[in-house]
Amino acid sequence: MQADQVLSHLKKHGQLLDLEIASATGIPLTQVRRSLADLTARGEISQCSVTHFNGNKRIDGFQCRISGYVPPVAPGRKAGPSKSASSD
């Protein structure tokens, strides 16, 4: 099913435009948009409409990401709380 393919592509690559999903997966843009509408109705993704301009050409699309997804913490040391110069 194409909705599953679109969802797995979003999980792998993060936030993307519908045009980027269509070109990467090889699925026609109209079918990608139908899959995105279905995934949005099921609550699996969130999407918003965006408008880009390439010169004088207007490009309308949808930007999508997985709903409620929080990426894992990057490995390595993290900054700790800063120590104040004077402690009372």
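A salt bridge (a side-chain nitrogen of Lys or Arg within 4 Å of a carboxyl oxygen of Asp or Glu) joins the side chains of R33 and D18 in this predicted model, with an N to O distance of 2.7 Å. The pair connects distant parts of the chain, since R33 lies in helix α3 (residues 29–42) and D18 in helix α2 (residues 18–25), 15 residues apart. Helices (H or I, at least four residues) and strands (E, at least two) are DSSP runs numbered from the N terminus. Residues are numbered from 1 along each chain as its sequence is written. In this predicted model, local features need pLDDT of at least 70 and side-chain atom pairs count only at pLDDT 80 or more, whereas totals for chains, interfaces and linings use all residues; side-chain values use heavy atoms, with hydrogens and water left out.

Accessibility is classed as buried under 20% relative accessible area, exposed over 50% and partly exposed in between (1.4 Å probe, protein chains only). D18 is buried because its relative accessible area is 0%, and R33 counts as partly exposed because its value is 31%. The structure holds four salt bridges. In another of them, the side chains of R42 and E44 meet at 3.0 Å, N to O. R42 has a relative accessible area of 40% and is therefore partly exposed; E44, at 30%, is likewise classed as partly exposed. The side chains of R58 and D60 also form a salt bridge, at 3.1 Å from N to O. R58 is exposed, at 54%, while D60 is partly exposed, at 42%. Salt bridges with shared partners join D38, R42 and E44 into one network.

D60 also has a place in the strand pairing, where T51 stands opposite D60 in β3. Strand β2 (residues 45–54) and strand β3 (residues 57–66) pair in the antiparallel sense over 10 bridges, pairing being assigned if DSSP finds at least two bridges between two strands. The two strands form a hairpin with two residues between them, and G55 in the turn has a positive phi of about 70°.

In helix α2, the buried residues are D18, I21, A22 and T25. These residues lie on the same side of α2, because they cover an arc of only 95° around the axis; the arc is that of the directions from the helix axis to the C-beta atoms. S23 and A24, on the other side of α2, are exposed. The cover over the buried residues of α2 includes α1, β1 (16–17), α3 and β3. G26 follows α2 and has a positive phi, near 85°.

A nonpolar core is a set of buried Ala, Val, Leu, Ile, Met, Phe, Trp, Tyr and Cys residues joined through side-chain atoms within 4.5 Å. The largest such core has 14 residues, of which V6, L10, I21, V32, L36, L39 and I45 touch the most other members. Two or more residues are given to this core by each of α1, α2, α3 and β3, and α1 gives the most, with four residues. Contact denotes heavy atoms within 4.5 Å. Not counting residues up to four places away in sequence, I21 touches V6, H9, L10, L16, V32 and L36. H9 is found in helix α1 (residues 2–13) and counts as buried because its relative accessibility is 14%. Apart from its neighbours within four places in sequence, H9 is in contact with G14, L16, I21, A24 and T25.
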